[in-house]
Amino acid sequence: MAQDSPKNSAAEIPVTSNGEVDDSHEHGFNRDLKRSLPAGLGLSETQITSHGFDSTKEGVVEAGAFQGGQRAQTKSGPVVLADEIKNPAMEKLELVRKWSLNTYKCTRQIISEKLGRGSRTVDLELEAQIDILRDNKKKYENILRLAQTLSNQLFQMVHTQRQLGDAFADLSLKSLELHEEFGYNADTQKLLAKNGETLLGAINFFIASVNTLVNKTIEDTLMTVKQYESARIEYDAYRTDLEELNLGPRDANTLPKIEQSQHLFQAHKEKYDKMRNDVSIKLKFLEENKVKVLHNQLVLFHNAIAAYFAGNQKQLEQTLKQFHIKLKTPGVDAPSWLEEQ
């Protein structure tokens with residue numbers, strides 16, 4: 001009796017009525033496999049081709065990019081950046097290049113002037129005013145040093161007179177037979193010390209005012225003069241370049257260079273003219289301010305010195321009131337900002 005062998009799914013090959021292999025199960029399997037894959041993951045389309053059970057080859061899986069049931073074709077090409085996107089490193093490199101070129105031109109111009117080979121733009125009237133200003137600054141600095149020395153020496157003398165007055169006063173109390181003599185000297189030294197402090201206040205006010213004029217007002221003007229001189233060197237450097245290009249041949253290669261040099265020359269010429277005008281204005285205002293300040297300070301210095309050595313205490317005090325000078329009391333600190341409020 002023949003026994004039915006257990007069915008093997010791999011051995012079951014459905015056929016149609018015409019004797020052809022029925023592949024509807026294969027298409028159904030592929031369809032179920034595609035549905036089981038998550039959507040939107042960009043997976044490749046999968047096609048499974050099965051062979052007969054007696055074949056030595058297994059199923060072949062073919063993969064391709066899945067886009068709407070069709071295999072996508074990738075396109076590649078050059079990436080073009082927008083003009084608005086700039087590289088910071090390239091910008092810095094361009095700035096360094098321009099600075100190096102400008103420094104080279106200015107250095108060459110300075111060396112040519114020192115060697116007597118290059119021409120130099122000179123404003124005779126303005127240059128004379130600048131030379132006078134620099135000479136006056138040196139003289140004012142010398143006055144400041146001497147006035148500071150006088151102030152230090154006067155301070156030491158006033159300090160000594162105050163100590164001497166205290167010593168005379170102490171001896172006046174302890175020496176009955178010389179009580180009046182020591183007392184007179186004590187009062188004299190204390191009066192001299194008081195008048196010396198008044199004179200010292202006037203001298204220190206003179207020093208502070210002249211110091212502000214020399215080290216702030218004049219120094220600010222000289223800084224503008226330095227900027228003017230730098231602009232003059234740049235102007236002469238680019239003027240020399242333009243003159244050299246104009247002396248050479250004119251063709252398709254040199255014309256763009258001449259136009260660029262003309263543009264740079266014009267820009268530096270405008271800068272030079274502006275700085276020259278600024279220096280002229282500052283020198284004018286500085287002269288007016290200098291005359292006003294020094295007039296008041298010299299009158300103060302003269303009146304204070306004359307009143308002190310004449311022994312005119314009232315005139316000395318009146319001089320300080322005239323210039324609104326307040327003396328600082330020895331041993332008393334300046335009020336804090338809370339107290340001033």
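Welcome to this structure, where helix α5 passes helix α6 in a left-handed crossing. The model you are looking at is predicted. Its chain has 341 residues, of which 25% count as buried. The secondary structure comes to seven helices and three strands, and their order along the sequence is α-β-β-β-α-α-α-α-α-α.

**Helices α5 and α6**

- To find this pair, look for α5 at residues 254-309 and α6 at residues 313-322.
- The axes of α5 and α6 come within 8 Å and cross at roughly 160°. Because angles over 145 degrees count as roughly antiparallel, α5 is roughly antiparallel to α6.
- Helix α5 is built from 56 residues, and from its first C-alpha to its last it reaches 79 Å. That is close to the 82 Å expected at 1.5 Å a residue.
- Just after α5 comes Gly311, a residue that takes a positive phi of about 75°.

- Helix α4 covers residues 179-247, which gives it 69 residues.
- Its reach from first C-alpha to last is 98 Å, close to the 102 Å expected at 1.5 Å a residue.
- As you follow α4 along, watch for a kink of about 35°, which is centred on Glu219.

**How α3 meets α4**

- Two packed helices are described by the angle between their axes and the distance between the axes.
- For α3 (residues 124-174) and α4, the axes come within 7 Å and cross at roughly 160°. The two helices are therefore roughly antiparallel to each other.
- This crossing of α3 and α4 is left-handed.
- The residues of the contact between α3 and α4 divide into 31 nonpolar, 14 polar and 10 charged.

- Ile218 sits in helix α4. With a relative accessible area of 1%, Ile218 is buried, since the cut-off for buried is under 20%.
- Ile218 and Leu133 lie 85 residues apart in sequence, yet their C-alpha atoms are 8.0 Å apart in space.
- Lys137 has its place in helix α3. At 13% relative accessibility, Lys137 also counts as buried.
- Between Lys137 and Asn215 there are 8.9 Å in space, C-alpha to C-alpha, while in sequence they are 78 residues apart.
- Met223 is another residue of helix α4. Its relative accessibility is 40%, so Met223 counts as partly exposed.
- The C-alpha atoms of Met223 and Val279 are separated by 9.7 Å, and the two residues are 56 apart along the chain.

**A stop in α5**

- Leu264 is found in helix α5. Its relative accessibility of 31% means that Leu264 counts as partly exposed, because that class runs between the 20% and 50% cut-offs.
- Leu264 and Arg239 are 25 residues apart along the chain, and their C-alpha atoms are separated by 9.0 Å.

Note on methods. Residues are numbered from 1 along each chain as its sequence is written. This is a predicted model: local features need pLDDT of at least 70, side-chain atom pairs count only at pLDDT 80 or more; totals for chains, interfaces and linings use all residues. Side-chain values use heavy atoms; hydrogens and water are left out. Helices (H or I, at least four residues) and strands (E, at least two) are DSSP runs, numbered from the N terminus. The expected span of a helix is 1.5 Å times one less than its number of residues. The bend at a residue is the angle between axes fitted to the seven residues ending there and the seven starting there. Axes are lines fitted to C-alpha atoms, for helices over the stretch in contact, and angles run from 0 to 180 degrees between N-to-C directions. Angles under 35 degrees count as roughly parallel, over 145 as roughly antiparallel, 65 to 115 as roughly perpendicular and the rest as oblique. A crossing is left-handed if the near helix is turned anticlockwise from the far one by less than a right angle, and right-handed if clockwise. Ala, Val, Leu, Ile, Met, Phe, Trp, Tyr, Cys and Pro count as nonpolar, Asp, Glu, Lys and Arg as charged, and the others, Gly among them, as polar. Buried means under 20% relative accessible area, exposed over 50%, partly exposed in between (1.4 Å probe, protein chains only).
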